[in-house]
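Good morning, colleagues. Please take a moment to look at the sequence and the structure on the screen before I take you through parts of the fold and its charged contacts.

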Amino acid sequence: MTVHQQEGIGMKHSKATFIGLGQMGAALVPPFIDAGLQVTVWNRSAAKADPLVALGAKVAADFIAAVSACDLIIVCLADYATSNALFHRDEITPLLKGKTIVQLTTGDGREAELGALWAAEVGVNYLDGAIMDYPTKVGGPECLLLVSGDRAAWDSCEAQMKLLGGRMTYVGSKPSSANLLDGSLLTMYYGNTFALMQSAAMLEAEQVDIKDFKTALNAFKPVIESTWKRTIEAIDQHDYSGKEASIHVHSLGVQSLLKRARNSGVEHSLLQLFSEYVDQTAARGFEADELPAAFEVFRRKG
């Protein structure tokens, strides 16, 4: 490691252990190796470590050796149950005291909170995170990762964690924040992507080139982004009033889209669902309000 690399990464964690070498877990390792850090890897199927060893990683002989090797441990496994089965053992917890664990395993907010409680009990510095991009993007300037938990733990490994993506973002001390934001962003991801495919099917049925849709969509983005902004503000302020387009107007718009899809002979359940949400919003007394009023349909009751 050069002097410049040491200064840029800091000396708190000059080495790291990676637990879990699936497609995403394995993608986390090369940025650390490229930065000159000492890297130890462990996976239940040891053969998955071979490509990383060729890059310069050291494979741990067993799990005990893996967690003993470094003070920074980055975990990316199939689920929290698998992770807990490895870490929540009497012979393991004493080895973890004072170390920093960054949990990047997929789960829900409750599991993240329980992970933080366990860490506090055994003396572990704990962060919980979510990787918001594909494995091939890890380490790149546009890769977004979210991390939350103890601020001191984040401060101790911020430079190292930012090796994983230029948009690595600390989102607060609440352990579940990264996990919950992950769920929200993925909901947006699936909603928008399925809507795009619905649109593409309707265009194909009418012999409109999908490339023309791309051109039109690029021009329409400011409308979409301003709608997102307006919706977030309305929900935050609990104020759905406005003079742009009422729920009644949106109902007519969605009904028109539903009719077009039916006439084109394509799958239209998604648009039917939109229509039902708008109708439910109107039935709750929000017919004169704007589209963000549909939030009331989604809210937890009671």
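Predicted model: local features only at pLDDT ≥ 70, side-chain atom pairs only at ≥ 80, totals over all residues.

Strand 6 and strand 7 pair in the antiparallel sense, with 5 bridges between them. Two strands are said to pair if DSSP finds at least two bridges between them. Helices (H or I, at least four residues) and strands (E, at least two) are DSSP runs, numbered from the N terminus. Within this pairing, Gly149 in strand 7 has Leu127 opposite.

Residues are numbered from 1 along each chain as its sequence is written, and side-chain values use heavy atoms, with hydrogens and water left out.

Strand 7 also joins strand 8, through 4 bridges, and these two strands run parallel. Leu145 has Met168 in strand 8 as its bridge partner. From strand 7 the chain crosses through helix 9 (residues 151-161) to strand 8, a β-α-β crossover that is right-handed. The term means that, with the strands pointing away from the viewer, the path from the first strand over the helix to the second runs clockwise.

Is strand 7 enclosed or open? Of its 6 residues, 5 are buried, so the strand is largely enclosed by the rest of the structure. Here buried means under 20% relative accessible area, exposed means over 50%, and partly exposed lies in between (1.4 Å probe, protein chains only).

I turn now to the salt bridges. Each is a side-chain nitrogen of Lys or Arg within 4 Å of a carboxyl oxygen of Asp or Glu. By this rule there are 10 salt bridges.

One of them joins Arg167 and Glu142, whose closest N and O atoms are 2.5 Å apart. Arg167 lies in strand 8 (residues 167-170), and Glu142 is in the loop between strand 6 (125-131) and strand 7 (144-149), so this pair links distant parts of the chain, 25 residues apart. Arg167 is partly exposed at 44%, and Glu142 is partly exposed at 49%.

Another salt bridge connects Asp71 with Lys99, at 3.3 Å between the closest N and O atoms. This pair is 28 residues apart and again links distant parts of the chain. Which of these two residues is buried? Lys99 is, at 7% relative accessibility, while Asp71 is partly exposed at 42%.
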